[in-house]
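Please look through the sequence and the model before reading on.

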Amino acid sequence: VPGRGRGEGELSVVAVVDTSGSMSEEVLERIAGELRHLARHHPVHVVECDCEVRRTYRFRRHLDAVWGRGGTDFRPPLSEDFLRRLRRKPGVGVLFTDGDGPAPD
């Protein structure tokens, strides 16, 4: 359900998408459907990662041919250093994954 800000500007969403080899094309298409829903209400910025951050971009209706397809490590896209370098401060972050990989403490 979209939130309603109180004069704080537009809420942006950072969506970290696990692009490791264990994520099937079917699952990635389902994630794209969720992102389309979010994008109707908020700007969505995608972070593609497997064992490292592969690319970031503004979501525009589709997940193109995703980069990565190796192992999984959630630490790089959730590190303070990476989040600090994002162009726009995220209002909310969403992680789409099958959960098979190390995460930050």
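Which side chains meet in a salt bridge at 2.9 Å, N to O, with Arg-54 as one partner? They are those of Arg-54 and Asp-50.

## Basis of the report

The model is a predicted one, in which local features need pLDDT of at least 70 and side-chain atom pairs count only at pLDDT 80 or more, while totals for chains, interfaces and linings use all residues. Residues are numbered from 1 along each chain as its sequence is written, and side-chain values use heavy atoms, with hydrogens and water left out.

## Salt bridges

A salt bridge is a side-chain nitrogen of Lys or Arg within 4 Å of a carboxyl oxygen of Asp or Glu. In the whole structure, 6 salt bridges are found. Besides its link to Asp-50, Arg-54 forms a salt bridge with Glu-52 at 3.7 Å, N to O.

Exposure is stated as relative accessible area: buried means under 20%, exposed over 50%, and partly exposed in between, with a 1.4 Å probe and protein chains only. Another salt bridge joins the side chains of Glu-29 and Arg-36 at 2.9 Å, N to O. Glu-29 is partly exposed, at 45%, while Arg-36 counts as buried, at 18%.

## The sheet and its helix

Helices (H or I, at least four residues) and strands (E, at least two) are DSSP runs, numbered from the N terminus. Two strands pair if DSSP finds at least two bridges between them. Here 4 strands form an open sheet of mixed pairing, in the order S3-S2-S1-S4. Its edge strands are S3 (53-58) and S4 (92-96), each of which pairs on one side only. From one strand to the next, the twist averages 20°.

S2 and S3 pair in the antiparallel sense over 5 bridges, and His-45 stands opposite Arg-58 in S3. Helix H1 packs on the sheet and touches S1, S2 and S4; its direction makes about 180° with that of S1. Axes are lines fitted to C-alpha atoms, for helices over the stretch in contact, and angles run from 0 to 180 degrees between N-to-C directions.

## Nonpolar cores

A nonpolar core is a set of buried Ala, Val, Leu, Ile, Met, Phe, Trp, Tyr and Cys residues joined through side-chain atoms within 4.5 Å. The largest has 15 residues, of which Val-17, Ile-31, Leu-35, Val-46 and Leu-63 touch the most other members. Strand S1 (13-18), helix H1 (25-39) and strand S2 (44-49) each give two or more residues to this core, and H1 gives the most, with 4 residues. Apart from it lies another core, of 6 residues, among them Val-16, Val-47, Phe-82 and Leu-86.

Contact means heavy atoms within 4.5 Å. Leaving aside neighbours within four places in sequence, the contacts of Val-17 include Leu-28, Ile-31, Leu-35, Val-46, Leu-63 and Phe-96.

## Asp-18

Asp-18 is found in strand S1 and is buried, with a relative accessible area of 0%. A polar contact of 2.9 Å joins its side chain to that of Thr-97. Such a contact is a pair of N or O atoms within 3.5 Å; within protein, one must be able to donate a hydrogen and the other to accept it, and residues adjacent in sequence count only if both atoms are side-chain atoms. Leaving aside neighbours within four places in sequence, Asp-18 is also in contact with residues including Met-23, Cys-49, Thr-72, Phe-74 and Asp-98.
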